[in-house]
Every structure is written in structure tokens, then in C-alpha cells.
Amino acid sequence: MSLLVPKFEDTVLVRDAEAEVIGGAPVRVKLLADSSASGGALSTVRVTLTEGADGARPHLHRNSAEMFYLLNGEAEVLSGDDVVTARSGDLVVVPPDRPHAFAAAPGSPADILIVITPGVECFEYFRHLQRIRLGEVTPESLLEVQELYDNHFLRSESWDGRHH
């Protein structure tokens, strides 16, 4: 087992009013702390989804675990071949190299705190997703930055079977 000892000097404090927000309904992402802020220890965002909205298509991270904490509502979370429903107060942690995805459950919004550890510089990734939503770049452009953000897309019959 390897142990990451993060290297940073100052307490990380992100004021709610000062956090950058990307998007809006159906998918709103509040950028809280990028990897560089915590010496590589973690990256964290808050994702708010309207009823049934997709948060992320199936993907995996080769070098990081991803934690989903349901602040409110219900979310469906793919982990491997399993799709679980997480409710307010539930925690799901997906290990490195395990396919995963998430969406608000049908009929419910979801407010999710997401932590990736060790962290990756992911803020620019979320900005890239917004440029895709706005039509400024193509969805295929994500394939060019998969290694940079350790975000590797894949197909999941378990997920696709539930989401069309």
C-alpha cells in the first residue's frame, strides 16, 4: 500500500459565495478545491442534478478513488456492473480502475459532494464539459484529454440498460 503525504502549507478554505459555478439546471457543478489546493490530496466538487438528470457517463480513473456523498435527494451510482440507489446521507466510494457513473434517480433531484483522491486537476475538465454543452467544442474533444484528467470513458451494459 502506498501512502500519499500531501504537501501544502495553508488551510484550504473555500467560501460558498466565492466558489466558481459551472452550468445550471439540469447539471450544476460548484468547483470547491482542485488538486493543487491540497498538495495533491484531493479534488472536490458539488454536483446538483434535477430529477433524473445524468451526472456522468460511465468512466474510470486509473489512479484515483471517487467518493459520492448524497447531501440531498437520491442518485443512481454505477460501480462495476452494479447500479445502487444512494439516498440522502449515504456514501459510495468507488476504487481506482472500477467503471462508474452517476445520475439523479428517476423522480428525484440529487445534491452530491464528490471527492477524488488522490486529486487530479479537474476544474479545467468541468470547464471543458461546459464548452461542449455550449457547442464551442465537440464531444469527441474529450477523448483527447482523457489521460490529462485520468478520466477514461467506456461502455457499460448495466448503465445503458437503465438509462437511455
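How many bridges join β5 to β9, and in which sense do the two strands run? The views below start there, after a word on the model. This is a predicted model, in which local features need pLDDT of at least 70, side-chain atom pairs count only at pLDDT 80 or more, and totals for chains, interfaces and linings use all residues. Residues are numbered from 1 along each chain as its sequence is written, and side-chain values use heavy atoms, with hydrogens and water left out.

**View 1. Strand β5 and its partner β9.** Eight bridges join β5 to β9, and the two run antiparallel. Look for L70, whose bridge partner in β9 is I112. Here two strands pair if DSSP finds at least two bridges between them; strands (E, at least two residues) and helices (H or I, at least four) are DSSP runs, numbered from the N terminus.

**View 2. The β5–β6 hairpin.** Strand β5 (residues 65-79) pairs with β6 (residues 82-87) over six antiparallel bridges. Two residues lie between the strands of this hairpin, and G80 in the turn has a positive phi of about 70 degrees. S79 stands opposite D82, while V77 stands opposite V84.

**View 3. Aromatic pairs.** Rings of Phe, Tyr and Trp (its six-membered ring) pair if their centres lie within 6.5 Å; planes under 30 degrees apart count as stacked, over 60 as edge-to-face and the rest as tilted. By this rule there are three aromatic pairs. F68 and F102 make a tilted one, 5.3 Å centre to centre with 55 degrees between the planes. Because F68 lies in β5 and F102 in β8 (residues 100-104), the pair ties together parts that are 34 residues apart in sequence. Elsewhere, ring pairs link Y125, F126 and Y149 into a cluster.

**View 4. The largest nonpolar core.** A nonpolar core is a set of buried Ala, Val, Leu, Ile, Met, Phe, Trp, Tyr and Cys residues joined through side-chain atoms within 4.5 Å. Of the 32 residues in the largest one, L49, F102, I112 and F126 touch the most other members. Helix α1 (123-133) is among the elements that each supply at least two residues, and α1 gives the most, with five.

Methods
Buried < 20%, exposed > 50% of the residue type's maximum accessible area, 1.4 Å probe, protein only.
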